Structure formats: C-alpha cells, structure tokens
Amino acid sequence: MAQNQNLAALSAAGVSVWLDDLSRARLESGNLAQLVAEKSVVGVTTNPSIFQAALKGPEYHDQLHELAGRGANVDDTVRALTTDDVRDACDLLTPQYEASGGVDGRVSIEVDPRLAHDTEGTVAQAIELWKIVDRPNLLIKIPATLAGLPAITRVIAEGISVNVTLIFSVERHKAVIDAYLAGLEAAKAAGHDLARIHSVASFFVSRVDTEIDARLEKIGTDAALALRGKAGVANARLAYAAYQEVFESGDRFAELAKSGARVQRPLWASTGVKNPEYPDTLYVTELVAANTVNTMPEKTLDAVADHGTVTGDAITGTAAASQEVFDAVAAAGVDLTDVFDTLETEGVDKFEVSWNELLEATAASLTAAS
C-alpha cells in the first residue's frame, strides 16, 4: 500500500516519523511492519512505562517460563525480554537505517531509571545495553539530569549512539548539546568514526503545557488564561533555534563535521495532546522543520494520518515570537525555573515508578512460571 499522504508530507518536510511504543505483539502481528509500510514510520522509541504495559502480554509467557527454569532473577529477566524486543525492532528497521545512511531506522532503549542521578551506573549500563542488543541502529536513552550530562559525554566518547531524554528547558537542551559535542571531541581523539555516532535530543512538549497551564489557571487573570496552550510549542521552537545556532552556524560543530560528525537532531517527545480542548495534532503540525524527529503514540500518529495538515516549515523564524510567549508567561507570575525543575523530577519519578511496577509484575510472573 502507498504511504499515508499526511505523514508522507511530514517526512518530505524533514521530520522523521517515529513510533513511541513497542511490544512483542506489535512485532509478531506485523503491526509495526505495517506502520512502516503505510504510515512513514522510520524509528521506534521505548521507555519504562511502555515496557511496563507491553510485558503484560501473553507473547512473553514462553520466554518467562524458560528464564524461570534457568533461575534468572528479576533484573536479568526484564533485561532479556526488553533487549530481545529492541533487537528484533532494530532488525525490522534495518532497511530504513541503510536507506537513510544511518539517520533513521533507529530503536531506543533506556537505562534503568533508578540510575538517573548516578553517572557511573548510567555509563556502565549504557555500554552493557549496547553490547547486549549489538545492533548499529540502536540508541541508548540517557536522561538529561545533571548526573546524566557527563554520562552522555562519556558514552558518546565510546562511539555509542545516544537518545538524550527528559529535556524540558532550552537551558538544559543547550547543556545537552555541549555534552554531545564534548563526547564527539573525545570520540575523535580516541579514533572513533564520527559518522557512525548519532544522537537525538528528546525535548518534551505536552508536559510543559500541562504544568504551565495549571499554574496560569491558578493565577486566573485574563492575561494568564490567554497564554494557555502556547508554552509547549514556543518552548520547542526555542529549542530548535538553539539547535540551529550550534549545528548550522557554530564553529565548534563545523570543525567536527569535517571529520564526519552528525548533527544532534531535536526530537519532539510527549506529543500526545493531554488537553482535549487543543487540536490532537498540535504538537506535530506546529513543530515541522528539517532535521527533526517526532515520536508519536499511535493515537497521535492516526490523528495526523486522518486530518493533520502539514504546510512545510512551521518553526524557522519563530524564535522571537516564541520568546515573547515565555516573557509573557513569566510576567503573568509563573516561576519557569520551578516549572522545569518540577517536570524533570516528576519525569524521573514516573519512569522509576513504572520500572518498579514492571519489576514487581515480572517477579510475580517468574514465580508463577517456575
């Protein structure tokens, strides 16, 4: 079948369409392959919440039984189940990886969220996951916490491709870019082929609106209420401006590019619209620009396929207007520093809760299977 026109238009505008979900059911049923064939999907992202939902499926029972028989512990079992799915997804997307010169066909797997504030533990597990999955189109997800930043540099320096996750502020995004460039410089010094190292910076969108909208509504003035639903898109557009400043006109990256270095693409994450009053394609059609990724839950993917209107670049040239939105939000009385601190803390906590629930459910499954 032909690709959906709306999603094909998104791809033609320079946005890589990735699916924010993975399960063995999707792999075994042919669903993921169908999305690749019909809805322009050229990558997959996962997170602890996604695996927590996926591993409830019956498709894992036989492997659970086998692992229980071998006496595998809970952590080893979860690692085996998730890395097998990610490896299979990498294999399914190998044609997209090869056709794009390594840019797409990517599958992400996250380090244990309990390591979010542990630099050494993050580096060790990132290297371990890279070796276990053993596919060149893998991306290791590392959170953009203060402990995560040096881990990003060190993992990139090892020649490992990284998806930096849980980025909420432009300030932190700039620190992530610096961490990536430092990693490339170290990788070059170590003799790695820079052309083989890829990275995306996952900038969360809808959660920003949810948090800021709640604060604007609490303030309750007409000026505050008029700003609802504007911060998420404005924040992402400012992040893209930061990307352009470094990767399109910065001397530091230009020097690395001579050795084959790749840009670190902005990835729009958390693109499912939380507020039903907003258009359900808001965080896709308003964030169209070259060298970006939009990772969508299937509901958002379907919405764009059905009625998303893509009219080309929606970001370039919007930085000044986007900054005006944030100036107005601050003037209305919203503490933006506290907003971003809250979002990062909640983001790490949510993934840790999901991971612990996954471990508990897996422990119960192992007991039942043994």
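A pocket is an open set of grid points with protein on both sides within 12 Å along at least five of seven lines, and its lining residues have an atom within 4 Å of a point. The legends below describe close-up views of a predicted model.

**Figure 1. The second largest pocket of the predicted model, lined by 14 residues.** Ser169, Arg172, Thr337, Phe340 and Asp341 are the lining residues that lie nearest the centre of this pocket. Two or more residues of the lining come from each of strand E5, helix H10 (170-189) and helix H18. Helix H18 gives the largest share, 6 residues. By class, the lining divides into 6 nonpolar, 4 polar and 4 charged residues. The volume of the second largest pocket is about 280 Å³.

**Figure 2. The largest pocket, with a volume of about 330 Å³.** Its lining is made up of 21 residues, and those nearest the centre are Asp20, Asn47, Phe204, Arg207 and Ser270. Five elements each supply at least two lining residues: helix H4 (48-54), strand E5 (162-167), strand E6 (199-204), strand E7 (264-269) and helix H18 (336-369). The lining of the largest pocket holds 6 nonpolar, 10 polar and 5 charged residues.

**Figure 3. The largest cavity, with a volume of about 50 Å³.** Rolling a probe the size of a water molecule over the atoms shows where empty space is left. The structure holds 1 cavity of 30 Å³ or more. The lining of the largest cavity includes Glu110, Val111, Asp112 and Pro113, followed in the list by Leu115 and Ala116. Pro143, Leu166, Val348 and Phe351 also line this cavity. In this lining, 8 residues are nonpolar, none is polar and 2 are charged.

**Figure 4. A salt bridge between Arg114 and Asp75.** The closest N and O atoms of this pair are 3.1 Å apart. The bridge links distant parts of the chain, the two residues being 39 residues apart. Arg114 lies in the loop between strand E3 (106-110) and helix H8 (119-133), whereas Asp75 belongs to helix H6 (residues 74-92). Arg114 counts as partly exposed because its relative accessibility is 37%, which lies between the limits of 20% and 50%. Asp75 is also partly exposed, with a relative accessible area of 34%.

**Figure 5. A salt bridge between Asp76 and Arg79 in helix H6.** In this pair the closest N and O atoms are 3.4 Å apart. The two residues are separated by about one helical turn, because they stand 3 residues apart in helix H6. Asp76 has a relative accessible area of 39% and is partly exposed.

Figure 6. Other buried residues of H11 include Ser206, Arg207, Val208, Ile212 and Leu216. The 14 residues of H11 should span 20 Å at 1.5 Å a residue, and this agrees with the 20 Å between the end C-alpha atoms. Gly220 follows H11 and has a positive phi, near 80 degrees.

**Figure 7. A network of salt bridges that links Asp21, Arg26 and Glu298.** In the structure as a whole, the count comes to 22 salt bridges.

Conventions: Residues are numbered from 1 along each chain as its sequence is written. This is a predicted model: local features need pLDDT of at least 70, side-chain atom pairs count only at pLDDT 80 or more; totals for chains, interfaces and linings use all residues. Side-chain values use heavy atoms; hydrogens and water are left out. On a 1 Å grid over the protein atoms alone, a cavity is a set of points where a 1.4 Å probe fits but cannot get out, and a pocket is an open set with protein on both sides within 12 Å along at least five of seven lines; lining residues have an atom within 4 Å of a point. Grid points are joined across faces, edges and corners, and a volume is the space filled by probe spheres set on the points. Ala, Val, Leu, Ile, Met, Phe, Trp, Tyr, Cys and Pro count as nonpolar, Asp, Glu, Lys and Arg as charged, and the others, Gly among them, as polar. A salt bridge is a side-chain nitrogen of Lys or Arg within 4 Å of a carboxyl oxygen of Asp or Glu. Helices (H or I, at least four residues) and strands (E, at least two) are DSSP runs, numbered from the N terminus. Buried means under 20% relative accessible area, exposed over 50%, partly exposed in between (1.4 Å probe, protein chains only). The expected span of a helix is 1.5 Å times one less than its number of residues.
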